Amino acid sequence: MYDVVAIGELLIDFTCKALDKDGYPTMEAHPGGAPANYLAALAKFGAKTALLGKVGDDAFGRLLRSSLGRAGIDVGGLVTAGDVFTTLAFVTLDESGDREFSFARKPGADARLGPEELRLDYIEQARVFHFGTLSLTEEPVRSSTEKALACAKRLNKLISFDPNLRLPLWRTPDEARKQMLWGLAQADVVKLSVEEAAFLFFTGPENAAEKILNEFGAALVYVTCGAEGCVYQNKKARGRVPALSGLNIVDTTGAGDIFAGAAMFRLLRSGKAPGELDGAELADIVRFACAAAGLSATRPGGISSIPEYEEISALA
């Protein structure tokens with residue numbers, strides 16, 4: 001039995017650490033991909049997780065498979081392909097640690113996962129199925145995601161969704177918006193950023209959370225707002241938890257994924273359905289997730305930046 005099974009991208013994040021005399025970046029490599037970061041947080045805290053995805057039969061693909069294994073994520077559903085290269089992401093950071101992505105994915109292995117390669121038995125054994133929109137950008141991985149989601153819904157699994165907008169990977173902003181809205185309509189638990197809320201609905205986090213609950217049928221919504229913390233809402237309660245203050249932020253890569261993984265871990269530990277949590281329970285979950293995300297942003301990378309459970313609990 002798995003607590004959470006996710007489908008989606010597994011890739012190498014190359015983060016700019018310095019510039020040489022000609023202005024070219026010196027890059028540091030980290031394992032990443034939003035679903036992988038999300039599962040790694042859950043696994044670090046003690047959940048049983050698995051990833052359905054695809055990497056290339058190359059040095060980076062082998063490194064990623066090994067990294068996930070060390071992180072405690074089951075890789076039995078991770079396909080290795082000899083005809084495509086492992087997806088790469090190049091991350092540049094501004095002075096506040098915020099990042100901008102460029103992708104080597106034309107195509108990347110993650111986008112070539114076919115429906116016939118899916119291990120649906122993993123979903124059958126899961127409590128939660130998680131997906132994002134990078135596995136909706138193109139075929140065949142879009143059809144694979146739709147097939148996996150249909151299986152999860154047929155079996156009444158809890159569905160978790162992160163829009164995770166990366167505009168360079170979409171043909172047009174309208175196509176991105178269409179697929180993100182489709183994803184929202186499938187989910188029980190949604191985590192999105194304040195920037196994604198503005199992109200989708202041209203409104204702020206509180207209005208976006210209410211709209212997703214009332215018009216898309218979600219049971220619980222988190223809207224992360226960076227240094228402004230997180231807005232949350234279900235049918236019983238709504239509120240905002242502030243972010244940790246006084247941190248030395250160096251790299252926000254994966255912070256939202258780690259927030260989502262930490263929040264899902266505490267939700268599962270509560271033993272309650274997401275719509276049944278009261279205000280105090282929700283605030284406790286979001287405080288823990290905000291602390292996890294904040295601490296992760298003081299360290300480079302995604303998977304490599306996940307803090308220890310005890311470290312988070314001391315600050316949450």
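**Reading a predicted model, feature by feature**

Tutor: Let's start at Pro107, which sits in the loop between strand E8 (99-104) and helix H3 (120-124). Keep in mind that this is a predicted model.

Student: Happy to start there! What kind of peptide bond joins Lys106 and Pro107?

Tutor: The general idea comes first: most peptide bonds are trans. Here, Lys106 and Pro107 are linked by a cis peptide bond, with omega about -10°. Another cis bond joins Glu139 and Pro140, where omega is about 5°.

Student: Where is Pro140 found?

Tutor: Pro140 belongs to the loop between E9 and H4.

Student: Is Asn156 buried or exposed?

Tutor: Asn156 has a relative accessible area of 70%, so it is exposed. Now turn to Asn164, which also has a positive phi, near 45°. Asn164 is in the loop between E10 and helix H5 (173-184).

Student: And is Asn164 buried or exposed?

Tutor: Asn164 counts as buried because its relative accessibility is 7%, and the cut-off for buried is under 20%.

Student: Let's move on to strands. Why is strand E9 described as largely enclosed by the rest of the structure?

Tutor: Look at how many of its residues are buried. Strand E9 covers residues 126-132, and six of the seven are buried, so the rest of the structure largely encloses this strand.

Student: In which sense does E9 pair with strand E1?

Tutor: Strand E1 (residues 2-7) pairs with E9 in the parallel sense, over four bridges. In this pairing, Ala6 has His130 of E9 as its bridge partner. E9 also pairs with strand E10 (residues 158-162), again in the parallel sense, over five bridges. There, Phe131 stands opposite Phe161 in E10.

Student: How does the chain cross from E9 to E10?

Tutor: The chain goes through helix H4 (residues 141-154), forming a β-α-β crossover that is right-handed.

Student: What about helices that pack together?

Tutor: Two packed helices are described by the angle between their axes and the distance between the axes. In this model, helix H8 (residues 255-270) and helix H9 (residues 279-296) pack at about 145°, and their axes are 8 Å apart. The crossing of H8 past H9 is right-handed.

Student: Which residues of H8 and H9 meet?

Tutor: On the H8 side they include Ile258, Phe259, Ala262 and Leu267, and on the H9 side they include Ile285, Phe288, Cys290 and Ala293.

Student: That list has a cysteine in it. How many disulfides does the model have?

Tutor: A disulfide needs two cysteine sulfur atoms within 2.5 Å, and by this rule the count is zero. Take Cys225: the nearest cysteine sulfur is that of Cys230, 6.5 Å away, and Cys225 is in no disulfide. Cys290 is in no disulfide either, and its nearest cysteine sulfur, also that of Cys230, is 5.1 Å away.

Student: Is Cys290 buried or exposed?

Tutor: Cys290 is buried, at a relative accessible area of 9%. Cys225 counts as buried too, because its relative accessibility is 11%.

How values were computed
Residues are numbered from 1 along each chain as its sequence is written. This is a predicted model: local features need pLDDT of at least 70, side-chain atom pairs count only at pLDDT 80 or more; totals for chains, interfaces and linings use all residues. Side-chain values use heavy atoms; hydrogens and water are left out. Buried means under 20% relative accessible area, exposed over 50%, partly exposed in between (1.4 Å probe, protein chains only). Helices (H or I, at least four residues) and strands (E, at least two) are DSSP runs, numbered from the N terminus. Two strands pair if DSSP finds at least two bridges between them. A crossover is right-handed if, with the strands pointing away from the viewer, the path from the first strand over the helix to the second runs clockwise. Axes are lines fitted to C-alpha atoms, for helices over the stretch in contact, and angles run from 0 to 180 degrees between N-to-C directions. A crossing is left-handed if the near helix is turned anticlockwise from the far one by less than a right angle, and right-handed if clockwise. Contact means heavy atoms within 4.5 Å.
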